[in-house]
Amino acid sequence: MIKSLLSALFFLVMLTACGQNKKGEYVVTIKTSYGDMVAILYDETPKHKENFIKLANKKFYDSLLFHRVIPEFMIQGGDPESKKAAAGQALGNGGPGYTVEAEFRPAFFHERGAIAAARTGDAVNPTKASSGSQFYIVQGKKYTTEELDQYETNLRNSKKSQYLRDIIMSPKYAALLTQIQEHQRAQDGAWLNSFFEKSDTLIVKEKPDYKPFAFTPEQRTLYTTVGGTPFLDGEYTVFGKVIKGLEVIDKITAVAKDGQNRPNEDVRMFVSVQQLSRKKIEKLYGYVFPEVKK
């Protein structure tokens, strides 16, 4: 009796596992007149993944433009207003009528081929929520170690400033804010710089999750050998990656464009999604899935 129950339980577990593996991974194909790009979407950014798949299956993206292309930076599309846009029409403000909550994951950054969500600026979007449909694909460029050091310093100071601003604007630190404002009016740069440099203790006290920004060894390796846009890390949600067709990005960024970086000749996209097993993806596209770090 016990043996029969164990056998049944084992069969049920195997059946469930097989059912999960059968579905496989989602593979995105973005067709353009310059060639096709094939991409994967990350499980670790589920809201963005689900939203992109939903829109792709509804054919939302079909015939929309890559309306903003900048060499050594990125190509951007997904504005529904671009489908029937007149020549020279300004684009970039359209969407499906909603945003997607930011999903920042340190493991995913702006390397060449990264797919990330566009968004409005911090002044009107302090939570850095993503556009419901607009996305960009990174071309970027290769950086020297010295350039990365400078970007790292800039990003560290920027993120530190954001934390510090939230703290000193709270009622609890009204006296400190007054003190800072007095030194600002006196143009006392030495005091202000000293305060900023020594403020980590205060930030950690009020924001235990705070960690000074630093590029990982993997980021440094890829940014110096493959390229990307390191200054965007931690500011925009990266939710996928092109695994075949990177040369298409180069072709699109090279087209003639107007003063708003819109191509003079429309570059349209047609997006489809299918599910394949990891083994099939590795065989077809040569992409090796990284091991999951526990």
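Visitor: How many positive and negative side chains does the protein have?
Guide: There are 41 positive and 34 negative side chains. Lys and Arg count as positive, Asp and Glu as negative, while His and the chain ends are not counted. The centres of the two sets lie 7 Å apart, with each charge placed at NZ of Lys, CZ of Arg, CG of Asp or CD of Glu. This is a predicted model, where local features need pLDDT of at least 70 and side-chain atom pairs count only at pLDDT 80 or more, whereas totals for chains, interfaces and linings use all residues. Residues are numbered from 1 along each chain as its sequence is written, and side-chain values use heavy atoms, with hydrogens and water left out.

Visitor: Why is K128 called buried?
Guide: Buried means under 20% relative accessible area (exposed is over 50%, partly exposed in between; 1.4 Å probe, protein chains only). K128 has 8%, so K128 counts as buried. K128 sits in the loop between β6 (114-117) and β7 (130-131).

Visitor: What makes the pair of K128 and D122 a polar contact?
Guide: A polar contact is a pair of N or O atoms within 3.5 Å; within protein, one must be able to donate a hydrogen and the other to accept it, and residues adjacent in sequence count only if both atoms are side-chain atoms. The side chains of K128 and D122 make such a pair at 3.0 Å.

Visitor: Which residues does K128 contact beyond four places in sequence?
Guide: Contact means heavy atoms within 4.5 Å. Among the residues that K128 contacts are A102, F104, Q162 and E235.

Visitor: Why is I249 called buried?
Guide: The relative accessible area of I249 is 0%, so I249 is buried. I249 belongs to helix α8 (residues 246-253). Not counting residues up to four places away in sequence, I249 touches M37, I75, G113, I137, V138 and Q139.

Visitor: What makes a stretch a helix or a strand?
Guide: Helices (H or I, at least four residues) and strands (E, at least two) are DSSP runs, numbered from the N terminus. The protein has nine helices and 10 strands.

Visitor: How do you know that the span of α2 is close to the expected one?
Guide: The expected span is 1.5 Å times one less than the number of residues. Helix α2 (residues 46-57) has 12 residues and reaches 16 Å from first C-alpha to last, close to the expected 16 Å. Its buried residues include H48, F52 and L55. After α2 comes K59, with a positive phi near 65°.
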